[in-house]
Amino acid sequence: MKADKMNRLPTMKSESAEALKIGLTMELEPPVFDSAGSAEDWRKALNKVVPAVVVLRTTATRAFDTEVAGASYSTGFVVDKKRGILLTNRHVVKPGPIVAEAMFVNREEISVYPLYRDPVHDFGFLWFDPSLVQFLDYEEIPLAPDAAQVGLEIRVVGNDSGEKVSILAGTLARLDRDAPHYKKDGYNDFNTFYMQAASGTKGGSSGSPVIDIHGRAVALNAGSKSASASAFFLPLERVVRALHLLQAQKDKSLKGWTPAAIPRGTFQLTFSHKGFDEIRRLGLKRDTEQMVRKASPPSETGMLVVESVVPGGPAHKQLEPGDVLVRAGGEVLTQFLKYETLLDDNVGKSVILELERGGTTINVTIEVQDLHSITPNMFLEVSGGVIHALSYQQARNLHFVCGIVYVAEPGYMLSRAGVPKHAIIKKMAGEEIVNLDSFISVFFKLSKGARVPLEFVSHADRHRSKSVIVTIDRHEWYAPPRIYTRNDATGLWDIRPAAPSPEVPSVALKANHMEADGVAVHVGNGVVKEGDNGETVVIYELQVEAVTRRQKVDSELPIDLPVPTIKGKLDATSRHGSGIAPETSSSIAEHVIEPTLVMMEVHIPPSAMLDGVHAQHSFGTGVIVYHSKDLGLVAVDKNTVAISVSDVMLNFAAFPMDIPGEVVFLHPVHNYSLVAYNPRALGEVGMAAVQAAVLLPDPPLRRGDFVYLVGLSRSLQATSRKSTVTNPGEALNVAAADCPRYRALNMEVIELDTDFGHNFSGVLADEAGRVQALWGSFSKQVKYGDSSPEDHQFVRGIPIHAISEVLDVIVSGMSGGPSLVINGVKRSMPLMRILEAELYPTLLSKARSFGLSDKWVQALADKDTIRRQVLRVKGCLAGSRAHGVLDQGDMLLAISGQPVTCFRDVEIACEATKSDISGTVSPGSLDVTLFRQGREINIQVGIDDRDGFGTTRMINWAGCVLQEPHSAVRALGFLPQQGHGVYVVRWCHGSPVHRYGLYALQWIVEVNGKPTPSLQDFVDVTQELEHGAFVRVKTVYLNGKPRVLTVKQDLHYWPTWELRFDPTTAMWRRHVIKSH
């Protein structure tokens, strides 16, 4: 039967607290005429039922099996008041870890906990403490499965559409509908009939009781079909059985709940009920049909037919699709209920089945398997991913064997390698992965940063295995791998470390693979190598692996290659200055530039997408600006490397090897970053092949100059073309994005007449291959009409002087700025002194209209005879020293008496304040001449020192990611007066802040009435809060609007932790602040 397109009930949008308050109002529809009872009878029944119906607010804290992490509203109802048992759907209770609260009609809220979820059918139970309901008189709703019949008038009482608890009327139209099919790779019920009625329920009604006029539940609402307003109800026969077993177990337990022991059996096959007419076409013999009709009730219209068999299950290779079930255990069996009863009563025993296959009678004996044994109750969380044994549900959907290793959520490590959701892991590091234990065993043999092959199968392409390279996280982006195990006695999932001990053996990478001219030993996360000159260098594991691979190349390439070329120095064997382009290159510039180019692949962990960054994965071409035996530096645009919380892989055009890099500098204004790598990881051959570009900052490019645009394709092929500079000083104007993120401010860039499109980056060089500009990628949002904003990429040239000036400071190590360890060597990094104001140029002709004097117009025109412009203030970055001093619309005429006409003039003036004649550091201010509101004034404007580290600390509290406001936020010109150091940049699905609506793009200014002006103040306040406590949070949005909401802290699934950059080790460290 063709699957109808369904709207599954648990896919509900999260509602705000205000919406929930409205949603708890009971709304009774006008009574419908009922021949079986009066309106007064219905009113009496509903008055008893309504108090026992609750609104469930459920949060799946992790993806698991068929479900994803998220928050939703649904319905449940009390079926045992004394023991505190609620009945709802399985897709509400969910197979994985959840946190849930129940809200009664009088707005009493209590915590509820999973008690039992059926492995197959769509029902589950939650338990609560009845003593916590103090102000409501309610009764349990009795279950009456036998009362269901065609034509019965019913009412569905539930939280419909998440808007209100409403009562919908309907009439049972069918009792034998096929189980609804919701999703091909999600939860689906099977081997049961469903009831159908035109009650028009929608999302939020999941778990609602379907009651008759006597106030009894005759079915459980489960799903709907929006196109026809049809609702589908689960029969209650198996629900009643499970409830009685739970009640009996509770009565035997002296205290609390014991893990549910409800026998459930399976053959791992799916039956469908087909009519006799169709079964005849399958080959059913006339005598068999006659016998079955005689042995069955007159209402019977068909038989059970095998629809699918799960590979590796008890019925595999014995039953086939199309087999017609005649007898089971010696009795004629045509109904799902009798079939389920037979299985549940014979777990671990063998049952004889008689079937017909194409008119031939066959008899098979099959052992009934324990259904709970193939239902996973544990999972491994690693690098944000969830891995567990393949469940019966998904084995049936995907047609795989139960118990193999299944990726419910790939997380960072696996998604970075290209492993999708629903993948099946077959091999890792060359070893077979047969179950979760074998995966854990192989994983903990690997060192941090190790790169190993992984083989998997995707259900979308199941007949071909795919092999990828997985990189074990080197930084502490995530908690160490942990195992979650379901505890049915508490309703929680117990968490323990997956590693047997904190000491992880480093067996994947061997120290004796190092070069023979030094001694290498493993220490911590790296290898300390002592060479002939006594120098000590730290080489991380991944780099050691690279050296191992290099040795193999060494033996195959016995060629004498030149000594590595250092920045700005040429030697006789380098490619520079040959004057002849080889046949493989289109120009001399391409031939010279090619060994300096690097293709960079960047991944950002989802747990730390700071500074409003909008992409987790990016590619881009960088250029090597410094290369020696101890240090390599690559310049690349910030649209490729946006933040320092990144994993960067460098693939060199000159040598077939990829090695990791570390972000060491992010320019606070210009659109470029510097990434460091360890040249020793390339080996002698690689170090010689790779070269640094020669930078040519002077003279600057002018309009009409010819340049060569050189870059790399994705296949690492150098590509170039000769172009003409059309505008060497275009002032960028990039509007702020909806979600504040880095945008180029106060930048003058280079435009060309022709390029290779917006995805091609590289360098601009002269004919001799000297680099004059970085051809980088920029990003902005573009909105067309009323549509949503779209990201738009474009490329422009960044003058190389912006890079060379910073490079000289890093190499010399004489900046006096903050220190950073790069490749084991402590280096002094530059501090950039900048005027934190957004400027834009205005033509002098327009400035004259605003009242600017002829004297200044002439002075500025003489200063820049080409652009003839004046700089105006668009706004100041909030919190900067210029904020409140410069006003919007101010014209900058001169700094220290010298006219300024472009952004470069302002930069030079700022840098000039770093030292006076005596060499001492000055306070940092500019003597600025302004034109403001018709008059000229002289004022002192403070400037700020900014390092190139970017954001170096983040905190994850209750699932929201907190940081200090980054420059893109401050560029909006507003910071809350109450405190602005705790900015919500992101939030996590399935977290407490998801459940209660504390989303991104706002500041947290108070917690329980205590101010939180900084991240440390926030940590100090929240450390005092206990697990399960409600926290009152005051926030301020970007538009300045304040708000107060409450969040229930969950330290069990969502501990408070921080991620900090440690400049002494150049590593990001994760630290748990508070957990349960």
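Reader: What makes strand 6 and strand 7 a pair?

Author: In this predicted model, strand 6 (residues 98-103) and strand 7 (residues 109-117) are joined in the antiparallel sense over four bridges. Pairing requires at least two bridges, so the four bridges found here qualify strands 6 and 7 as a pair. Within this pairing, glutamate 101 stands opposite serine 111 in strand 7.

Reader: Which strands close into a barrel, and in what order?

Author: Six strands do, in the order 3-4-5-8-7-6, with antiparallel pairing. On average, neighbouring strands of this sheet are turned by 40° against each other, direction ignored.

Reader: What lies across strand 4, strand 5, strand 7 and strand 8?

Author: Helix 4 (residues 237-252) does, and it runs at about 35° to strand 8.

Reader: Why is glutamine 963 called buried?

Author: Its relative accessibility is 0%. Buried means under 20%, so glutamine 963 counts as buried. Glutamine 963 is found in strand 58 (residues 960-963).

Reader: How do you know that the side chain of glutamine 963 makes a polar contact with aspartate 611?

Author: The side chain of glutamine 963 reaches the backbone nitrogen of aspartate 611 at 2.9 Å. The limit for a polar contact is 3.5 Å, so the pair falls within it. Other residues touched by glutamine 963 include Leu610, Thr951 and Tyr983.

Reader: How do you know that the buried residues of helix 2 line one face?

Author: In helix 2 (residues 39-49), Trp42, Ala45, Leu46 and Val49 are buried. Seen down the helix axis, these residues fall within an arc of 100°, so they line one face. The face turned away from the buried side carries the exposed residues Lys44 and Lys48.

Notes
Residues are numbered from 1 along each chain as its sequence is written. This is a predicted model: local features need pLDDT of at least 70, side-chain atom pairs count only at pLDDT 80 or more; totals for chains, interfaces and linings use all residues. Side-chain values use heavy atoms; hydrogens and water are left out. Helices (H or I, at least four residues) and strands (E, at least two) are DSSP runs, numbered from the N terminus. Buried means under 20% relative accessible area, exposed over 50%, partly exposed in between (1.4 Å probe, protein chains only). A polar contact is a pair of N or O atoms within 3.5 Å; within protein, one must be able to donate a hydrogen and the other to accept it, and residues adjacent in sequence count only if both atoms are side-chain atoms. Contact means heavy atoms within 4.5 Å. The arc is that of the directions from the helix axis to the C-beta atoms. Axes are lines fitted to C-alpha atoms, for helices over the stretch in contact, and angles run from 0 to 180 degrees between N-to-C directions. Lists of a residue's contacts leave out its neighbours within four places in sequence.
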